[in-house]
Amino acid sequence: MPSVLQAHRNARSLYLELGVGYNTPGIIKFNCWNLTLQNSRAFYVFLNKDVTEVPEKFAGQALSINDDIGTILNLLKTQPVVMTSAKNASNYKYDHDKRS
């Protein structure tokens, strides 16, 4: 494990996955999943229009945002999402088409 990751392995961390699919999951996806699962203070965000499921093993440590990356980033410029607490919640799923 690189020293930066090791030095911060128990710190509050956000792993932001932008458009990573299952073509080569061992390079990014699975490594970040493991880092999230090993740290109760970590949170994982999947932003992908094709990958919609949050594995149950994340138990409140993950959010799935299912839309085009450009659409979501432009939306966040004008309508930021505020999540006050994810500690006691189940896994989240944000669907751009179903927002109010």
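Modeller: In this predicted model, Cys32 is in contact with Tyr15 and Tyr44, leaving aside residues up to four places away in sequence. These three residues belong to the largest nonpolar core, which has 10 residues. Another core, of 6 residues, lies apart from it and includes Phe43, Val45, Leu47 and Ile72. In soluble globular proteins, nonpolar side chains tend to be buried together.

Some nonpolar side chains are instead found on the surface. Leu14, Leu16 and Leu18 make a nonpolar surface patch of about 300 Å². Leu14 sits in strand S1 (residues 13–18), and it counts as exposed because its relative accessible area is 55%, over the 50% cut-off.

Ala59 is in the loop between S2 and strand S3 (62–65). Its phi is positive, about 35°, although Ala59 is not a glycine. Most residues other than glycine have a negative phi. With a relative accessibility of 59%, Ala59 is exposed.

As for confidence, the chain has an average pLDDT of 78, and 77% of the residues score at least 70. Residues 86–91 have a pLDDT below 50, yet this stretch has 14 contacts in the model beyond near neighbours in sequence. Where pLDDT is low, the predicted coordinates should not be read in detail.

Key:
Residues numbered from 1 in each chain as written. Predicted model: local features only at pLDDT ≥ 70, side-chain atom pairs only at ≥ 80, totals over all residues. Heavy atoms only, no water. Patch = residues over 30% accessible without salt bridge, like charges linked within 9 Å, V, L, I, M, F, W, Y side chains within 5 Å. Areas by Shrake-Rupley, 256 points an atom, 1.4 Å probe, with all protein chains shown as cover. Salt bridge = Lys/Arg side-chain N within 4 Å of Asp/Glu carboxyl O. Helix = DSSP H or I, 4+ residues; strand = E, 2+ residues; numbered from the N terminus. Buried < 20%, exposed > 50% of the residue type's maximum accessible area, 1.4 Å probe, protein only. Core = buried A, V, L, I, M, F, W, Y, C linked by side-chain atoms within 4.5 Å. Contact = heavy atoms within 4.5 Å. pLDDT = per-residue confidence, 0-100.
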